[in-house]
Each structure stands twice: as structure tokens, then as C-alpha cells.
Amino acid sequence: MIQLHDVSLAFAGEPILDELSWTVPPEGRVGLVGANGAGKTTLLRIMAGQLTPDAGRVDRGPARAGYLEQDIQQQAGTTPREVALDAFSDVLALEEKEKRLTRTLDEADDPTSDDYWDTLDKLSRVQGKLDTREAHRIRPRTEAMLTGLGFAPGELDEPLSSFSGGWRMRATLARLLLQEPDVLLLDEPTNHLDIDAIDWIEDVLADYDGTVVIVSHDRFFLDRMVTSIAELAHGGLTTYEGNYTHYLNAREERRALQQARYENQQKKIKEIQAFIDKFRYNASKAAQVQSRIKKLEKMDRVKPPPEPPSGMRLRLPEPRRAGDVVMSISDFSKTYPATEESRAPTPVFLDAGPLAVERGDKIALIGPNGAGKSTLMRILRGTEAFDGEREEGHKVDLAHFAQHQSEVLKPQHTLLESLREAAPPDRGDTELRSLLGAFLFTGEDAVRKKVSMLSGGEKSRLALARTLSSPANLLLLDEPTNHLDLPSKEVLIDALQQYAGTFVVVSHDRHFIGEVANQIWRVESGGVLAFPGSYEEYKWHREHGTAAGGSGSGEGAAPSSDAAPPENGEVASSAESDDAPESAGEDENGALPTDGTSPYASMNTYTLRQTVEEAEEKIEELEAEEADLQEQLADPTLYDDAKRTRETRDAYERVERELAEAYETWEQAGELLLEREAG
């Protein structure tokens, strides 16, 4: 268990952590969240012992902490297998000792000498330790861990310097997981992992017995992996029970309750101050005035709640209407020629397709890293040569966001100059500054700040602004959520949900895909599996075999419509038609009508009156219960007991639902009763 006591830290005079105290729950699954720059990585480094705070102390006890850094440095001269095997460095040292002792015995001249028997005894003890550590299992375990993280068996002994940063991170993650520390500190563990690898790492963490603290911008990952959230803001930490979605709801409730307590106290302070001001010079009221002055001095002031975190405010321009088929690709193949690193040609696609992008499609392109997602995006864009035909539809305006587009920004440009370079010539500076403001570049920053001064996340936001600076009815977006924090991702999701055009997006963020896509294309084994429907529906079909394995054909790979996925009220099926009839008995606004289809239409006047009276009694009871629960929720001591907090909040949500139902009954039955009596 790790405990932090009054930990403070400042960089260049700017406080990052301010007398922060926290006990990491043993065997807990904690998601550490906060705005970019709040200090999440700094806090992990302090917990790992890599950084010493300016004040306070960290107690780790006997716990062993393993820390996965967000950015992995180059590890020259090693292979993925060697990096991962380093988790068993003590076993490897014992194996080397065993080899030396064995050589000594083989070279001994006199097997009856004391030295020989002494060496034999040492060898026996070393072999006993190796048996205890199950040395025979470390290499199979290492291979299983590396292949689970996406390494091909033939890549395990390749030089690590030939791999990208993402793959080096996987090797380091494998070593960390094999070490099985008591506390895992993971800083963006899903960065550079494809969806399959993320699914695999979730299974590994689910079986992990120790404590896990995760910093991640992957909402789906947090919802599945954590049981509590620690929010870092303004140098302090606030904890919430439940996963990330539950935290969002609880945070809003807590903010609303704190606002109510603050306003109530301010009202009371104003009343007391008004009494003091009115009777300050009245001798007969002197004692009461002094009493109220002391009361104000001793009052424990409630702080106003922090402002909600700001995110991008983004609305995509309205595009012109394109033709029914926006883009089509014939049967196609793509093979990269041999290079110095790869002496043989590398096939990426073999007889894949045909593929068609129709107006209104919201396509998520998924698949293992290296399968060809970015290659397919370049084929769609028209910048990649391939064997086949590409045809754009009628009136198509295409905009493209590349995964590393931020790297080609000109560092000497200001933000406004960089945006003006990509925008249509008819857009004025006022419009461009408004667009920069939508991406959180405001004031003088938008005019004077140089691109060279931006962080990685800021460059990514600027590159997105450049891509979206002109109306387009076909967007090709390659990892647009990279370097965006969770609130900014939600705003981008909202913008894409309201976007009237068509897009194809590459992303490993499953929550993002689930919110924006109505079709999934999986790139795998030289083909493209095209699946109409949401990500949850695709996942269900794949798990049940109806969408398993790419056939290399866009249309022929879609699963049979006879296979019905499970019902899920939170998943919007792409099969639902815009012209589908409303639910039985509901009008277009979702309310029950008061004509013959109303559930109360068959009641006589007497029964209607009874129903209204019962609803009124129910409303009175529920409002009293609601007031009591609100008082409990306003008590800050409630949040010291996680179980009682959860039970009280659940009870409050139940009362709110029942109250809404009772009001609906009262309104509908009452309206019918008035009509009957008037008639």
C-alpha cells in the first residue's frame, strides 16, 4: 500500500501538487484523471520513487511498485525477448551461476577433492533455487506475454532499435507485467496498442492480484478496468467510487450540492451581515451584534465548487450534398517492394474489396497494427498507388487528417498563420480566430504564439483545426483523438454525431468508435471485413463467430442478418431506419397521447378520479423522501463512507424516477378527468 502525506511540488514556481494526501487502496483499481497539465504523470513518478516532492513524504512500506512511463526511451542493442526477460533478472543470474559451476565441475581434475564436493553442493543449492523460481517457465511465459501484446514469433529476436516507440513500449509493458509488482502504475498503457491488444491487456489486468493505478484517456478502458476514480485538480485529489461513467455523474451531483451549500451559506452570511450593519450602533442590540460578529468569524466557510473543465467547442461546417456513392474501390491489391530492412516484397492487401463508401456512412477502420489501416486510408485519399481502381463520387469535397500531420506544421508560423495557410482564401481572420478559439487557442495566443512553442496535444488540436477549416462532405481521419483529453474527445464525438457528411476514421478508442460509427471495417490478413452496424453489434457477431475472420471482401464479408445481437438499450443500431414508426402509444415527442390509445382511456370517471388522488398522495410521499435524501447528500460526512454514499445516491435516483412517473400519471389521468367532467 502506498500512502502520500501532505505532498507538495512546484515547477518554476508554479504549484503542481499542494499538500496532497492520499492512501492508495490495497488491491484497488484506480483511474487517475484530470486535465492535461494537472500533474498526473508527476504524481505517478513520485509514487514510483522517480521524483522527490518539495515537501511531505511517501510511504511505500514493503510494496514493490512497477511504473510504465508514457514515453519509452530507445533501448539500443536489445531485442523484445531480452527486454521482457529482464523481468527475471535474478533467475537469469542464477542460470549463469549454474553454467559457471557446471563448467568448473567438468574441468575438475579430482572428483574426490573437497573443492569438487563444495562446488557440487553450491550447484545443488542453485538448482534448488531455480526449481523454486520455476525457471523452466520463464521463457514460455515471456513469449506468451509478447505475442499477446502483438509481437509475431519471428520478431522476438529482432533488434529493438528497428521497432517504433509503440512497439518498444509493448516490450517494456511485457517486462513490467512479468515482474508482477504489488502496485502497477500505468501511464497511458493503451497508447500505441491496437484494439485486439487492448482487449488482451484488459484480460491480463483483470486477473492481476495487486493494486493498479491507471492514467488513461481511453474512457472504454477506464470503465472496464477501474473501480474508483481519483480526480487531480488544483493540486488536490478527490476520490469517487465506481468507474469513469459513474464518476462523471457523481462529480456533477457533488458540484451541484457544493454549489447549493455555498449559496445557502452566502445567503446566511448576507443576512447576518445585514443585521450587524443595521444595529451596529444600537446600544440595546449590542450583545446580539457582537454575537453575530463572532459567529461570522468562527464560521467554516464553504468554498465555491470549481468551474467545470473546459473542452473544445466544435461544430463542423455544413458541407454541400454529395452523390449517393461518395467513394468506390474495385477489387484491389497492394504490395510494398523489397527494401534493405525487408529483403522480400511485403504484401498488404491481396484481392481485397470491392469497397463502397455511401453518403451518410460513418465508418470506423479497425484492425491490428501493421495490418494496413493507414495504407487503406491513403488509397481512399488517392495518394497511394495500388493494383485496382479508385473512383470519387459526384461533388465530393475531401478533407484528410493524418496521424502524424502535426509533425509537418511549420514551427516559425504563428497559430493564425498556420491556420490561414490551410484555410480557403475567402475566410477572414475573424473567422479563423473563432475557429482557433473552438480548439482552445484564444486571445493573444491565437495571433502571436509560435507553433514551435506548442505541446504535442496542442499541435494535434491545431492540425485538426487546419483539417476542418473548410467545409468537406468526406472526412478521412487517422487517429484524430491522439493527444486529446477525455473532455475534448467528448466534444469531438458530439461534433461528429451532428456532422451531416460522411467520414472514415481510424481509431483504437472503443468508446469513440462506439459513439460515432454506424459501420465497421476490419483490416486483417490482407482483406477488409465490412460490417454494417455499431461497434457493440460488430463485437457481438465476432465473439459469436458470425463476423469472425476477414474474407478479403468488402461486401461478401458482412455477417448474415439472421444472426441477432443481444438487445442493448445503450447501443443505437445502425439498422434502425429514420422512418421507423414511433414506439406504440407514443407521439413524436415520446409522450403518451391522451386519445383512445392512452392507458387511462378505458377508465370511467370514478376510476380516473381515484387514480389522480392516489398519484397526488404518492407525489407528496416521494417529495418528502426526496427532501430527506437531498439533506443527506448535502452532508459532506456522507462521502466518507463509500457504501453509504452509493446506497443514498441510488435511493435518490430511484425516488427521482418514481416521482417522474407519478407526475406523468397525475398529468395524463388528470387531463382526461378534466375532459370527462367538462364533457
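In the predicted model, six strands form an open sheet with mixed pairing, arranged in the order β16-β17-β18-β14-β19-β20. From one strand to the next, the twist averages 15°. Within the sheet, strand β17 (residues 474-478) and strand β18 (residues 502-506) run parallel and are joined by five bridges, and Leu474 has Thr502 of β18 as its bridge partner.

Two helices were found to lie across strands of this sheet. Helix α11 lies across β14 (362-366), β16, β17, β18, β19 (519-524) and β20, and runs at about 155° to β17. Helix α18 (residues 535-543) lies across β14, β19 and β20, where its direction is at about 50° to β19.

A further open sheet is formed by three strands in the order β13-β10-β15, with antiparallel pairing. Here β13 (355-358) and β15 stand at the edges, and because each has a single partner strand, one side of each is left without a neighbour in the sheet. The twist in this sheet averages 10° from one strand to the next. Strand β10 (residues 325-329) is joined to β13 by four bridges, the two strands running antiparallel, and the bridge partner of Val325 in β13 is Glu358.

The loop between α11 (373-381) and β15 (390-392) contains Asp387, which, with a relative accessibility of 57%, counts as exposed because the cut-off for that class is over 50%. Although Asp387 and Ser333 are 54 residues apart in sequence, their C-alpha atoms are 5.1 Å apart in space. When neighbours within four places in sequence are left aside, the residues in contact with Asp387 are Asp331, Phe332 and Ser333.

Another loop position, Ser216, is located between β7 (211-215) and α8 (219-225). Its relative accessibility is 3%, and Ser216 therefore counts as buried, the cut-off being under 20%. A polar atom of the Ser216 side chain lies 2.9 Å from the backbone nitrogen of Asp218. Apart from neighbours within four places in sequence, Ser216 is in contact with Leu32, Glu188, Thr190, Phe221, Leu222 and Leu486.

Helix packing was examined for α9 and α10. Two packed helices are described by the angle between their axes and the distance between the axes. The axes of helix α9 (residues 244-279) and helix α10 (residues 286-298) come within 9 Å and cross at roughly 145°, and the crossing of α9 and α10 is left-handed. On the α9 side the contact is made by Ile269, Ile272, Gln273, Phe275, Ile276 and Phe279, and on the α10 side by Gln288, Val289, Arg292, Ile293, Lys295 and Leu296. Classified by residue type, the contact of α9 with α10 comprises eight nonpolar, two polar and two charged residues.

For the chain as a whole, the secondary structure comes to 20 helices and 20 strands, and 43% of the 679 residues count as buried. Of the contacts in the chain between residues at least 6 apart in sequence, 70% join residues at least 24 apart.

Definitions and conventions: Residues numbered from 1 in each chain as written. Predicted model: local features only at pLDDT ≥ 70, side-chain atom pairs only at ≥ 80, totals over all residues. Heavy atoms only, no water. Buried < 20%, exposed > 50% of the residue type's maximum accessible area, 1.4 Å probe, protein only. Contact = heavy atoms within 4.5 Å. Axes fitted to C-alpha atoms, helices over the stretch in contact; angles between N-to-C directions. Left-handed = near helix turned anticlockwise from the far one by under 90°. Nonpolar A, V, L, I, M, F, W, Y, C, P; charged D, E, K, R; others polar. Polar contact = N/O pair within 3.5 Å; in protein donor to acceptor, adjacent residues only side chain to side chain. Pairing = 2+ DSSP bridges.
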